[in-house]
Amino acid sequence: MLQGTSSSVGKSLLATAFCRIFARKGLRVAPFKAQNMALNSRVTPAGEEIGCAQAVQAIAARRLPEVEMNPILLKPEGNCRSQVVLMGRPWKTLSAGEYYSCRDELWRHVASSFGKLSAENDLVVVEGAGSPAEINLKAGEIVNMRVALAFGCPVLLVGDIDRGGVFASFAGTLALLDDAERWAVKGFIVNKFRGDRSLLEPGLEMLSDLADGRPVLGVIPWLDNHGLPQEDSVFLDETGSERRPGTTDIAVIRFPRISNYDDFDPLAAEEGVSLRFVERPEDFGRPAAAILPGTKTTLKDLVWLRDRGFDGLLSALLLSGGSIAGICGGYQMLGRRLLDRASIEGGSEEASGLGLLPGDTVFDPTKATVRVGGTLLPEADFANGESLRVEGYEIHMGRTTLPEGSHPLIRFDDGRIDGAVSCGGRVWGTYLHGIFDNDGFRTAWLRSIGWRGEERNVSRADLCEAAFERLADAVEAATDMRLLEAIVGL
């Protein structure tokens, strides 16, 4: 089990690495995180919603994602409330206090999920959340030391040395644990190291002395541009809105409750594309295209967009020849009306959309979570009439209908239509998350907004596979694998 001295120390990425390392040793490996708080999520083949990190870790382990890998997913909605997705389905929307009062019921699902994975696999790579030393929350937590002690998981503490104070973080975390919890901690991993390791060695020895001989199993180097999806919104804080090298500039509106922003990783990975996440109008600039991404609170973020003046900037972008795309909640905003008479989002009952597409959206309690595939319809002029194959997944609680004479974007294999596209193809929207993972679609749209880059000879899936291998190579080389295997019991 990987636990951290704080959030964002790199637990998810290291868990991904170890899933691949042990999978390529011939073991059947499964990732597990009892409770994840994230607005980036994926859909399993069974149509259940789990955190993006566990889905990616499953793929790294050469497995299909399963709901037991992340039985509890918390999706923040603001005002200290979150939608609780339990075993892949929306359960309740709760405040923090209400959530902790349900921990016994939730724990039963954690225990049964871990039991199933443990019985079916040679190894379970477990990820904690935040820090096990949050002493105000320890009594009710169901994701860190309670998991380790209940299921007998040896714990490695992960610390981020790039932040500074990593030795104090390790020592302080141990000091705040009780005896049983300290016994579960078998060693440390120093993450995000840049520099000369020989200068670090004296500190590693002193840390081991302070920690009753617990070893440092690895000093993992700073891994830049690893090419795998990011789950934590800290990533957006670090990347900012500054334009990066690239002749084709794309601005993604960063809503307060932006979700599934990893949808745009394939665009950012293309040579010649500058992808920026923008939350201030003054940073919008003059992009070739703007994207309205998914959001957990569509109506509230639509108000935010208008209050900031982005609606005017989007209109000006169209008048100057630019393009606009909307994914999921962003697609809903591009339509004419949004109706929430069942108070699914808890805000106003009705709002006018941006009117750039013809759809009307009605929110209802049934959440669509399904993996789908289909064909791009000829009305998408940017595809030059090609019937491009697209695949992805839906996660939404609204249904959008188009008036007669509208142009849908996709026809799914089950006969349903999805999305809409304007005449000329410069405005389009879809519920299909992962649409830019489709190489043909991504290339066609980028060409339509002026991109002149060279088309890759390898697919997005092959690039991700190569990224898993690079990550595993780097972490394995920096880790004492013999000692780790002895701790795990392999």
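Predicted model: local features only at pLDDT ≥ 70, side-chain atom pairs only at ≥ 80, totals over all residues.
Residues are numbered from 1 along each chain as its sequence is written, and side-chain values use heavy atoms, with hydrogens and water left out.

**Stop 1: the whole chain**

Switch to cartoon view. You are looking at 16 helices and 26 strands; helices (H or I, at least four residues) and strands (E, at least two) are DSSP runs, numbered from the N terminus. The radius of gyration is 23 Å, close to the 23 Å that the globule rule gives for 490 residues, so the chain is as compact as a globular protein of that length. (That radius is taken over C-alpha atoms, and the rule is 2.2 Å times the number of residues to the power 0.38.) Along the principal axes, the C-alpha atoms fill a box of roughly 70 × 50 × 40 Å.

How much of the chain is buried? Of its 490 residues, 56% count as buried, where buried means under 20% relative accessible area, exposed over 50%, and partly exposed in between (1.4 Å probe, protein chains only).

**Stop 2: strand S10**

Select residues 155-160, which make up strand S10. Here 6 of 6 residues are buried. In a regular strand the side chains alternate between the two faces of the sheet. On one side of S10 sit Val155, Leu157 and Gly159, and on the other Leu156, Val158 and Asp160, all of them buried.

Strand S1 (residues 2-4) pairs with S10 in the parallel sense over 3 bridges, and Gln3 stands opposite Leu157. Strand S11 (residues 185-193) also pairs with S10 in the parallel sense, over 6 bridges. What is the bridge partner of Asp160 in S11? Pick Asn191.

While you are in S11, click Lys192. Its phi is positive, about 65°, although Lys192 is not a glycine. Most residues other than glycine have a negative phi.

**Stop 3: Cys153**

Step back to the loop between helix H5 (145-151) and S10, where you will find Cys153. Cys153 has 9% relative accessibility, so it counts as buried. Leaving aside neighbours within four places in sequence, Cys153 is in contact (heavy atoms within 4.5 Å) with Met1, Phe114, Val126, Val147, Ala148 and Ala184.

**Stop 4: helix H2**

Select residues 52-60 for helix H2, where 8 of 9 residues are buried. Among the buried ones are Cys52, Val56 and Ala60. What do they pack against? The buried residues of H2 pack against several elements, including helix H1 (11-23), strand S2 (29-32) and helix H15 (460-477). After H2, look for Arg62, with a positive phi near 60°.

**Last stop: Cys328**

Finish in the loop between strand S18 (323-327) and helix H13 (329-334), at Cys328. Cys328 is not a glycine, yet its phi is positive, about 55°. Its relative accessibility is 6%, so Cys328 counts as buried.

How values were computed:
Pairing = 2+ DSSP bridges.
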